[in-house]
Amino acid sequence: MARILAYLLIMLGLLGTVAPMQAQDVRPAGYIMAYELKGTDAEKGTVVVRKGAELQPKLLMPIYDGDSVFIRDETSRITLSLAREGNLVVSGKLMRKDIAGEMASGDDSFTIIEQIVAILAGRGDDDSFSVLVSKGAETGEAIKVPFVVRGRNYILGGGEPVHLTWSGGEGPFSVQVATGKAVTHEARELTINVNMLAGAKFAVTITDARKRAVRIAFVVKKTLPKVPDKVRARDTNGEIAAVWLAGRDNGVWRFEAVRQLRALPQNETVAGLIAALEKGWLPRSK
Amino acid sequence: MAGGTKAGFFRSWPRWLWAILTAMLVALLTLLGGGKSITAAYKSFTETDRIIEISAALSGAAKNSLPVTLIRIDDETMANWGGPPITPHAALAELIRTAEAGGASAVVVDIDLAPEDATTPADPALVDVIRSSALGDPPLMFVRSFRAGSVSADQPERTPTMTNSTPYDGVFTETGKAIWVSVLTPLSADRIVRRLRLWQTLCEGADGVTYPSPALVAAAKFAPEGDRSGDLRKFLGEQVDRRCKRIEAEPSVWPHRLSSDVAIQYMFNADTDEASAKTIEFRGAPMPVFKQIPAWALVRYEGGKASAAGEIHPEAFRDRVVVIGVTHANSHDVYATPLGSQPGAVILANTIAAATAMATMPEASPLVEILIAVAIFAVLAFISYNFQLAPSAFIAGLITVAVALILSRLFGFEVAIRIIAVTLTLFILHKFFDSLAGIIYDWSHGKGWRSMLKTH
């Protein structure tokens, strides 16, 4: 019996040999992502101190633990991408940044075990493409409502009426808004004047001729989430802010993000973003 | 003494009472939702893609992986560049220049250069970058777009696939500084991208051309045993002989492959960044297998003119293959993969990172598959013969998982799953016939119909 167990241990040992040896080296803490040198900085050209030497900035230059990034002229600007702190701008408000720490890696055992547990727990179910689909009868085409997600959908109050469209299902459709009376019609669209509803929450239930039903829950918010400065800084018309909004809190703002995009000057980028969100794309927020 | 009394009390219980108790326990667990969880866990585990995910997490980077950096033209980039309808070729030229200046070992452009309007001229900046490229070997690689032809794995190259002409075709031929490559990913029945076509041959009568995939070019150039680019050129020529001229050629020195389709060894997904990517050893230095950076950080584009956003660090891309590809929503270039939805450019990056392992992945013949299945079956049968059901099921389960992971790395997950399926079928058949033989034996020794009852 002991021999059998020994064989089994050898088998399991083989599995272990598949895992790579962990490489050991100093990893950077982050990178210089952008720089703009003015005044004295433009003359001297050096803004990084490393082991007593002053270095010139370059795009994607690695920054290590112990380095200092500084500017002499407060109008100069250096954007750093640091693994621990995210994007950080060295400018008039912060003229020197001492770098600490190093970037993690995907090699440590805990991360691997965590990944496997997450996979077995079903994290692998991709939620980046999701469209709310009706439940009920299995035959025929289900009712699909683009842009909205299961659970709550946040919308901004006081604005334009909410325009809801759907595909699939068989008419006529019975539509109930909040606690109002169900209205039956053939059209696959609905316009709701949110200002006429009492309370900050309401739900829309759409039921088709085959009794397939889908319920969409809305929460009316007074303000939008604050767009981070780094997002705002790169935005031109508001597309990036809208995409950022769509990815917040697992998509609860996606419907509102589309409303924001539709209010922008229409171009290829905006149309592409709306099309992707309609297909169910949910930008991942980090 | 008290413990001994308790043990004695349990020992006095009849066997049937134990059976009822365990049945009740299982029923209780089912009522509490345990059954659903077990079913879900079993379903989760038996899905091929879960095995791939676990394999990717457990075994880390593929053997001899290549470091890859993706310069992604994402929504932020398009917004920063003023929302152009397609990637401006002038900006692409500047990105290629930046990648070369940053020390890239190879550059692959995953952007369709075929214009919608055939009269659109070549962009002078891109022509200039191609002419002045210092990469040489391997030269700049541009992914060629194809139309019509079948990319079905079951019917490879069934219909005549055609390339879309571009205004840059002449520059490629004239300078030899850039080559066309193909990135065709045959879809599985469930429309998930699991395989890559390593090369694609197009015939025009007895003439033709074979387009290598960037993975094949990278695997040849960075082969652990030395540069195999010469062997690859010969191999590509042989494919034209075989497919178009119908001449039987001798097996190539490299790569030892008959089938062009190979399982993609995924190592990262669209969310992976430097901090979460696996570390590999390349040319004696540890480095993350995958990095990605938005194009807007490197290149500005205003008023139809592109310029560098700053001086690139000379080692920003050192020893790395740089892929320039689109990930913005308007590209609609997103596919389902075993590791979740990924833009085409990230799939391409995966194929290049695992290029060596994929190009040299052994093709298991049916005989080899059967021999492996029989060997595993013998081990499982031996265990079930020596152990009670519970420990043997546990040990056999562990061995099956371990073998599935190892085989998926050796031969690809499809072959691994096939071998495991054959093994388990053999094992179930063995248990059935073993039980049947026991019944026949007992019956023939006078037990009669009672030989079909279980003895306790």
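Start your tour in chain B by selecting strand S11 (residues 279-282) and strand S12 (residues 285-288), which pair in the antiparallel sense over four bridges. Strands here are DSSP runs of E with at least two residues, helices are runs of H or I with at least four, and both are numbered from the N terminus. Two strands pair if DSSP finds at least two bridges between them.

Before you move on, a word on the model: it is predicted, so local features need pLDDT of at least 70 and side-chain atom pairs count only at pLDDT 80 or more, while totals for chains, interfaces and linings use all residues. Residues are numbered from 1 along each chain as its sequence is written, chains are lettered from A and ligands numbered from 1 in the order in which they are written, and side-chain values use heavy atoms, leaving out hydrogens and water.

Next, show the open sheet of six strands in chain B, with the order S6-S3-S2-S16-S1-S13 and parallel pairing. Its edge strands are S6 (178-181) and S13 (290-294), each pairing on one side only. From one strand to the next, the twist averages 20°.

Now select strand S1 (residues 68-73) of chain B, which runs parallel to S13(B) and is joined to it by five bridges. Opposite B:Leu70 you will find B:Gln292 in S13(B), and opposite B:Ile71 stands B:Ile293. S1(B) also pairs with S16(B), in the parallel sense and over six bridges; there, B:Ile73 stands opposite B:Val326.

Is S1(B) enclosed or open? Six of its six residues are buried, so S1(B) is largely enclosed by the rest of the structure. Buried means under 20% relative accessible area, exposed means over 50%, and partly exposed lies in between (1.4 Å probe, protein chains only). Both faces are covered, with B:Val68, B:Leu70 and B:Arg72 buried on one side and B:Thr69, B:Ile71 and B:Ile73 buried on the other.

**Helices on the sheet**

H11(B) lies across S1, S2, S3, S13 and strand S16 (321-326) of chain B, running at about 160° to S16(B). Such angles run from 0 to 180 degrees between N-to-C directions, with axes as lines fitted to C-alpha atoms, for helices over the stretch in contact.

Then look in the loop between strand S9 (207-212) and H9 of chain B, the place of B:Ser213. B:Ser213 is buried, with a relative accessible area of 0%. Its contacts (heavy atoms within 4.5 Å) include B:Val181, B:Leu196 and B:Trp199, not counting residues up to four places away in sequence.

**Cores**

Which residues have the most contacts inside the largest nonpolar core? They are A:Ile78, A:Leu80, B:Phe142, B:Leu298 and B:Ile324, in a core of 67 residues. A nonpolar core is a set of buried Ala, Val, Leu, Ile, Met, Phe, Trp, Tyr and Cys residues joined through side-chain atoms within 4.5 Å. Helix H6 (residues 89-101) of chain B gives the largest share of this core, seven residues. Click on B:Phe142 and show its neighbours: among the residues it touches are B:Ile96, B:Val109, B:Phe172 and B:Trp180, leaving aside those up to four places away in sequence. A second, separate core of 51 residues includes B:Leu198, B:Ala219, B:Phe282 and B:Val321.

**Rings and charges**

The structure holds 12 aromatic pairs over all chains. Rings of Phe, Tyr and Trp (its six-membered ring) pair if their centres lie within 6.5 Å; planes under 30 degrees apart count as stacked, over 60 as edge-to-face and the rest as tilted. B:Phe142 and B:Phe172 have ring centres 5.2 Å apart and planes at 55°, so this pair is tilted. B:Phe142 and B:Phe172 are both buried. For an edge-to-face pair, go to B:Phe432 and B:Phe433, 5.4 Å centre to centre with 75° between the planes. B:Phe433 counts as partly exposed, at 48% relative accessibility.

Finish with two charges over rings, meaning NZ of Lys or CZ of Arg within 6 Å of the ring centre and within 35 degrees of the ring normal. The charged end of B:Arg144 sits over the ring of B:Trp180, 4.2 Å from its centre. In chain A, the charged end of A:Lys221 sits over the ring of A:Tyr154, 4.6 Å from its centre.
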